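The sequence and structure come next.

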Amino acid sequence: MFATTYVCEKLFSTMKIVKTKFRSRLTDKYLRDQLRLAHSHKTRRIQSSTHTGVASQRTSTYLMDNRCRHCHNEVENLAHVLGSCPHGEALRNARHHQVRSIIATALKDADYNTYEEVHGLSVIGSTRRIDIIAFKESTRSGYIIDPTVRFETDEEQPAEVDNEKKDIYNPTISYYLQKYQLKELEVIGLLVGARVTATLFMKDVFKRPGIPTSIIPIVTLAALKGSIALPKNHLYSKSNQVH
Ligand SMILES: [Zn+2]
């Protein structure tokens, strides 16, 4: 874990320095080249110890354009690596699972009946799986909570994620009201920043169900740990695709 943390922190701090010093010149390609330089010695060592021919071929292709070395579909930047590259899908799922189970545990500790990954039906008949449903026995009311770890973009993002999840899961509310014999359910789409941004929104979300806000650093750290694994996996693990 320490080595992983170190690699990722180095990557992030390199990015920060590059950003501060050369803000006006900052482009994806430029940033990527800087990051590549910062990590070139380790990358070279790994490439030469595994598949030199393929690696040098891939390196030259890679230097010719900005596309991802694995999926070749998008520009290879940190947002892509943390958020959408198929190469990191298993790690992203693990990151999400960690965050979800920490929140579910906190809800149980706050005396909620809590269920994870429950399948339900929407009013239009399609099946949708919810991350967490939690309700109080006493009030027969509760929450459908869908935490999402995403690369932060702007201040509007938490509200956008919340609305996005409400659109998806509001049509399932009547199903769950009936299934668990409840009076009231509210959908909460919870944005967890991939880079340690604990938003005010998050505080508010945890306060309403009566979850201690001391859980925020724990959730944030779990998301960060999950995120840390992604750049390392991206840089140093072989692609599944053969080119
Ligand atoms: Zn990719």
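## Overall fold

What percentage of the 243 residues of the protein chain count as buried? The share is 29%.

The protein chain of this predicted model contains ten helices and four strands, and their order along the sequence is α-α-α-α-α-α-β-β-β-α-α-β-α-α. When contacts between residues at least 6 apart in sequence are considered, 64% of them join residues at least 24 apart.

In soluble globular proteins, nonpolar side chains tend to be buried together. Here the largest nonpolar core has 42 residues, and Ile103, Leu107, Ile132, Ala134, Ile144, Ile145 and Ala223 are those with the most contacts inside it. Two or more residues of this core come from each of the helices α5 (78–83), α6 (89–109), α7 (157–169), α9 (200–207) and α10, and from each of the strands β2 (127–136), β3 (141–150) and β4 (184–193). The element that gives the most to this core is α10, with seven residues.

Ile132, one of the residues with the most contacts inside the core, is in contact with Arg100, Ile103, Ala104, Leu107, Thr114, Glu116 and Ile145, once its neighbours within four places in sequence are left aside.

## Helix α10

Helix α10 covers residues 215–236, and because 22 residues at 1.5 Å a residue should span 32 Å, the distance of 32 Å between its end C-alpha atoms agrees with expectation.

Definitions and conventions
Residues are numbered from 1 along each chain as its sequence is written. This is a predicted model: local features need pLDDT of at least 70, side-chain atom pairs count only at pLDDT 80 or more; totals for chains, interfaces and linings use all residues. The expected span of a helix is 1.5 Å times one less than its number of residues. A nonpolar core is a set of buried Ala, Val, Leu, Ile, Met, Phe, Trp, Tyr and Cys residues joined through C-beta atoms within 7 Å. A residue is buried if 20 or more other C-beta atoms lie within 10 Å of its own, exposed if 12 or fewer, and partly exposed in between; C-beta atoms are placed from the backbone. Two residues are in contact if their C-beta atoms, placed from the backbone, lie within 7 Å.
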